[in-house]
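Biologist: I would like to learn how to read a structure by its features. Can you take me through one?

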Amino acid sequence: MARELKCMKRKELESYLQDVEVFENPKIKLEQYPTTPHIAACMLHTMSSTYDDLADKCVADLGVGCGILSIGATMLGAGYVLGIDVDEDALETCYNNLCEFEMNSVDLMASDVRCLLGPDPKSSQLFKKFDTVVMNPPFGTKHNEGIDIAFLQAALNLSNNAVYSLHKTSTREHILKKAASWEVDVSVLAELRYDLANTFKFHKKKSVDIEVDFIRLSHRKAGKCL
Amino acid sequence: MKLLTHNMLTSNIIKGVTKGFPLKIVPVQVEIKDVDYNPAFVVRTLSKVDWPALHQAAVETGFGDGLPETLGENFQQDEELLKKIHNALLQVEVIQGELVCPESGRKFPITNGIPNMLLQEHEVGQ
């Protein structure tokens, strides 16, 4: 199926992704707000049509959650996707979604992204095995400071090419500084509005729009370890 | 869990384990899932695969027939072999079973095809 759909239009992709089930009971501690079909389609369409980073690629999806980015990446031709999450309930939802979409080239594993590559990333068998890493990581602004950066570091160690991620626009300066210190190229591809739509109880207003940057990082030097 | 995924898993995330590779597979249920055959993708992926570990994993899961212990130079021209490798890498799925660390004996369960590599806090190395 993947092959014919490579040139799928963004709107069409978005409408397929409407059928991805979301978290039954999202966990605040893990910042489990689902990537909306609209945002997922925008991200994936850009990776595919502007950068050709999906078709026939090995892709990792960190904090895979319900799997919307993995499913969309497969629809746009990814050859193999590995989705990783620390939460077994999310993985169960994701597994059901993959069965529903009959996606056989996506694999899942339960692991903590922060210790995924162990103390010495270079000695990990995962090091640089993926072409593209996609993720919607925790923003790291709610009692879990630094986790956004930990996700980026793990992603750059997994990837031999490009990393796509979402970050709060308010943290942009910080992210750009980090990228410069890691000697990787970074560009802000789009500013998106994220509608958290009462995902968690502390969102008192009916829906809360937050500004999010869609960014792309890419290695300048092959084999660079962070 | 596909054998391609298994090929990237190490237990050296555990404190005190130095290499932890490859993890031994103890399969309980194995299935074949259809994945489109793409020879160019198989060849490119193979350049990153540890062949002895893949071979061992294929034998452990019962799909080692026809896979040589060492991969010759001209495997790219051997369509039949490439199809077998495609099968071993992407279609063989361990649905239930466990992975065993070759050094510490620590077991990682596989449920619904998902290996659980989560560690207890005291197991995590620095």
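Modeller: We will go through helix packing, a sheet, aromatic pairs and some backbone details. Keep in mind that this is a predicted model.

Biologist: Start with helices. At what angle do the axes of helix H2 and helix H4 of chain B cross?

Modeller: Two packed helices are described by the angle between their axes and the distance between the axes. Here, H2 (residues 39-46) and H4 (residues 79-91) of chain B cross at roughly 70 degrees, and their axes come within 10 Å. Angles of 65 to 115 degrees count as roughly perpendicular, so H2(B) is roughly perpendicular to H4(B). The crossing is left-handed.

Biologist: Which residues in H2(B) and H4(B) meet?

Modeller: From H2(B) come Pro39(B), Phe41(B), Val42(B), Val43(B), Thr45(B) and Leu46(B). They meet Leu82(B), Ile85(B), His86(B), Leu89(B) and Leu90(B) of H4(B). By class, this contact has 9 nonpolar and 2 polar residues, with no charged ones.

Biologist: Now the sheet. What is the strand order in chain B?

Modeller: Strands of a sheet pair through backbone hydrogen bonds, either parallel or antiparallel. In chain B, 4 strands form an open sheet in the order E1-E2-E3-E4, with antiparallel pairing. E1 (24-32) and E4 (114-115) of chain B each have a single partner strand, so one side of each has no neighbour in the sheet. Strand E3 (residues 107-111) of chain B is joined to E4(B) by 2 bridges. Ile110(B) stands opposite Pro115(B) in E4(B). H4(B) also packs on this sheet, where it touches E1 and E2 (92-100) of chain B. The directions of H4(B) and E2(B) make about 60 degrees.

Biologist: How many aromatic pairs are found over all chains?

Modeller: The search of the whole structure finds 4. One of the pairs is Tyr80(A) with Phe130(A), which is stacked. Their ring centres are 6.4 Å apart, with 15 degrees between the planes. Tyr80(A) lies in strand E2 (residues 80-85) and Phe130(A) in strand E4 (residues 130-135) of chain A, so the pair ties together parts that are 50 residues apart in sequence.

Biologist: Last, the backbone. Which residues does a cis peptide bond join, and which residue has a positive phi although it is not a glycine?

Modeller: Most residues other than glycine have a negative phi, and most peptide bonds are trans. Here, a cis bond joins Phe21(B) and Pro22(B), with omega about -10 degrees. Pro22(B) is in the loop between helix H1 (3-6) and E1 of chain B. Asp56(A) has a positive phi of about 60 degrees. Asp56(A) lies in the loop between helix H3 (37-49) and strand E1 (58-62) of chain A.

Conventions: Residues numbered from 1 in each chain as written. Chains lettered and ligands numbered in written order. Predicted model: local features only at pLDDT ≥ 70, side-chain atom pairs only at ≥ 80, totals over all residues. Heavy atoms only, no water. Axes fitted to C-alpha atoms, helices over the stretch in contact; angles between N-to-C directions. Parallel < 35°, antiparallel > 145°, perpendicular 65-115°, else oblique. Left-handed = near helix turned anticlockwise from the far one by under 90°. Contact = heavy atoms within 4.5 Å. Nonpolar A, V, L, I, M, F, W, Y, C, P; charged D, E, K, R; others polar. Pairing = 2+ DSSP bridges. Phe/Tyr/Trp six-rings, centres within 6.5 Å; stacked < 30°, edge-to-face > 60°.
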